[in-house]
Amino acid sequence: MKLLTHNMLTSKAIKGVQTGFPLNIVVKKTKTVETEFSSEFIQRMLPKLDWPAFLKAAQTLGVGSQLPDSPPTETTDETVLRSIHHALVEVEVIEGELICPETERKFPISNGIPNMLLNEDEI
Amino acid sequence: MSDHAKRSSKKRHKKLIKAGKSLENDFGVKLSAAPTKFVLLSNAGLVNGGLTSSILRALPESDNLHYDVVLHPDKTYAVVRCPNIEAASAVIENLDGSSSLDYLDGQPVHAGYLEGDIPDPDLQSSSLPSGLEIIENGLSPEDEAAWLKLCSFDDDSASCLLKNRLVEHFGYRFDYAINGVNRDDPLLEKPIPEPCTKFLKGLVHRGLMPESCFPNQLTVNRYEAGAGIPAHCDTHSMFSSCIVVVSLGADVVVNYRKDDTELSVLIPRRSVTLMQDESRYAWTHSIIPRKYDLIPSGSGAPLAVARGVRTSFTFRRVRSQEACDCSFPSLCDSRLKFSLDESDAAQLEKLHVHEVYENIASHFSDTRHSQWPKVVEFLNSLPDCSLVVDVGCGNGKNMLIKNREDLSFIGCDRSSGLLEICRRKNLQALQCDCLALPFRHAVFDAVICIAVIHHLSTSLRRRQAIEQLLSLLKKDGKLLISVWAFDQNLRGGSKYLKGGDPSTATARHACIRAGKAEVTLPVHTNRCAFSNSDVLVPWKKSENNDTQQRYYHVFDKGELRSLVQDIEGIELLDEYHDEGNWCIILKKTQQVLNEVET
C-alpha cells in the first residue's frame, strides 16, 4: 500500500462512522521501490491529496521529515517535489494495520494488500 | 332571455339536472339557461345503449344541417353539437321529454342547453406497439364469405363454448388450462384448411412473415356482438415469434397494454394483423366486452357504432421445444421469476460468487489475459495523470495500459487470490466489497467496473453498487460499467456463442442454497444463448472434475441504463453492446450526489 492509496481510503462504510479518515497506520514492514519521477504527476496529484493526512502518514513511515507543513505551490523547487514523490509512491507498507479513527476497527495489511472487508453486521 | 329559454329552464327535469351535474363534474361545463349550440341529452349515453346513428335518427329532419353527436364511454348522457342556436332550439323542442329514442324502450329523454362544448372522447392511438402491423383489406369480401364457411363450431371435441364466444381449432387443439397445446397430440384429421394455407404462403412470399414461423395451429373465435377477451399474451414458450390474426365480420377495437402504456387499436373487418417482436412478446392484448366501439368519423366526434358478430382466425406456429429466447422477460414464461431478500442475496453471492472466485482464482487468472479493446479505449481517453479505481480488478489486466504509465490505478476485488496476482505485478490492490467501498468520495477521475455488477443478485443491490461507484467520482469524472448481456447475438454476434442449441441451455437446473431460501436456477451451457436472466455458470477446472457454479444476472437491453435513470447529477455518455456485454459510460456532472444509504 502506497501512501497515495492510503490517502484515498476511509472506513466510513462502517455503520455509524462519520468520516473514517484518515486511517491510522501501524507499520510492521515497508518496502521501497524506485519509480520514475515526474513533476507533472506530483503537481496533478497535489489537489487530490488531503495534505495533513499525507503528512501524518509519511511521518508514521519515517519519510516525512523533508515535507513542508502545507501543500507546496507551483513554484516549489524540485527537491521538495522529489521528497513528496518518494513518500507518495515509492514507499509501501507491506505488513501492518490500518485503524479506523472513530471505532478502532483494525484492517490488516498483508503482502501490501489492505483487507477492507467488513462483516455483514458492520455495514 | 327569450320566453322559450325561460320556459325550458323552469321546466328542467330532475334527471336533466342530475345529468348536468355529472357532466359538470366530468368536464367543468354547466347547464345554461340561455340558448347555445350545445345540447345535453340525459339518459341517452353509451351506458344506456346510445349510438351515434340512433341519436342522429331522432334529431329533427333538416337538409343541410350537420349535427355532431359526442358520446363518452361509461356515461349516461350524450351531447349534440348543433350548427346554430336555432337548430339547437329545435332539438330541445323535439326531444325534451320525448320517447322517440328507439333504444330507450319508451323511456323519456331530457334535453337542455350547455354553456359550452365538451371534448371528444379519446380515440384509437395513432401509434402502434412496435412490431405490430395491420394490413387493411387483407382479405377480399369473397374470401371472407368463403372463410366464414370453413367453421361449423359443431365438433364438441375440438370446439367448446367459452363465455360469449365459440371456438374451433385446427392443427393442434388449444388447451385453455395450459394456454398452449399438447405437442404430442396434433389434430391429424383436421389440418389448417387449404384456403388459409394458401393465404399464409402469400404472406411469406410477400416477405411479411418469416418462413420459420409458418403456422401449424389455427384457432377460430366467433365473438357474439359485444363479447370480449381478457388481456393476454400468447404463451412465449409455446408459440413462435410471429402471430397472424385475420378479422372477419365486423370491426373491433383491441387494447394493447405494456406497463402503464395502453393503446387502443382499431382492427378493421377483413384486415390482417401481424404481431411480431415487442408487440408479440411484451404487450398484452384484450377486447373490452361492450356493445359499441368508438371509431374515427373523418370529421367531428368519433362515431359510436354497435359491435357486430366478429370471427377471428389466429394462426400460430407451435415451437418444437419449450424454450423462448426473446429479449422481453416481463411476460416470458421461459424466464424464471427470481427474487431474494437482501440477506439471502448476500448469502447466495457469498457461496456462489465470492467463494467460487477464491477457489478458482489462479486458474481463472490464467484464462484472463487479453484486454478488451473498448476498455482500453476508455482508459486511453482519460486526461493525463488521472487517478482511476478498478472495482473488481481481478488479476489486474486492466491496470496495465500500454503507453499510459501516467495513469494511477487502485484496484480492488473480493478475491484475495486474484489480489495476490495483482501484487506480483506491483499493482496497488486492496480487498473490499463493491457494496462497501472504502474510498473517499468525489476525488477520482475515473472508475471502471468490468464484469462485476452481474454477480449481484437483486436489482436493488445492482443499483446500490452503481451509486457507490458514482460517489467516488469528482465532477466531470467518468464511469465505465460492463456487464454480461442476455442477448449474445447483437451486431454481428459474439465470440462467445459457438452455435450451441439454445434449447439445451434449459435442460439442466440446479438447486442451491441462498441463506434461508433454496432457489432453483438453470445451469448455463457454455457457448449457448442464455435461457434466463438469472443463471448459474459452471466453472470446470481441467485437472479434476470439480465444478463450481457461479451466479450471474445477465442484463437485458436498456436494463443498465434503467438502473441509473433517476439518479440526478449524471449524464449518459454512451451505451453499447460489446462482444456480448452491455456497457455504459456515465459522467458525473456535479461534485456530490445525494449521499448513498447503505
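Reader: Which strand holds Asp476(B)?

Author: This is a predicted model, where local features need pLDDT of at least 70, side-chain atom pairs count only at pLDDT 80 or more, and totals for chains, interfaces and linings use all residues. Residues are numbered from 1 along each chain as its sequence is written, chains are lettered from A and ligands numbered from 1 in the order in which they are written, and side-chain values use heavy atoms, with hydrogens and water left out. Helices (H or I, at least four residues) and strands (E, at least two) are DSSP runs, numbered from the N terminus. Going by that, Asp476(B) belongs to residues 473–484 of chain B, strand E24.

Reader: And what is phi of Asp476(B) near?

Author: Most residues other than glycine have a negative phi. Asp476(B) isn't a glycine, yet its phi is positive, near 75°.

Reader: What is the relative accessible area of Asp476(B)?

Author: The classes are buried (under 20% relative accessible area), exposed (over 50%) and partly exposed in between, with a 1.4 Å probe and protein chains only. Asp476(B) counts as partly exposed because its relative accessible area is 42%.

Reader: What is the strand order in the open sheet of seven strands in chain B?

Author: Two strands pair if DSSP finds at least two bridges between them. Pairing in this sheet is mixed, and the order is E22-E21-E20-E23-E24-E30-E29.

Reader: Which strands stand at the edges there?

Author: An edge strand has a single partner strand, so one side of it is left without a neighbour in the sheet. In chain B that goes for E22 (429–431) and E29 (570–578).

Reader: Which helix packs on the sheet, touching E21 and E22 of chain B?

Author: E21(B), residues 408–413, runs parallel to E22(B), with three bridges joining them. Contact means heavy atoms within 4.5 Å, and angles run from 0 to 180 degrees between N-to-C directions, with axes as lines fitted to C-alpha atoms, for helices over the stretch in contact. The helix covers residues 416–424 and makes about 165° with the direction of E22(B); it is H10 of chain B.

Reader: Where is Asn137(B), and is it buried or exposed?

Author: Asn137(B) sits in the loop between strand E5 (132–135) and helix H5 (141–148) of chain B. Its phi is positive, about 50°, although it is not a glycine. With 53% relative accessibility, Asn137(B) counts as exposed.

Reader: Which residues does the cis peptide bond in chain A join?

Author: Pro22(A) lies in the loop between helix H1 (3–6) and strand E1 (24–32) of chain A. Omega is about -10° for the bond, which joins Phe21(A) and Pro22(A).
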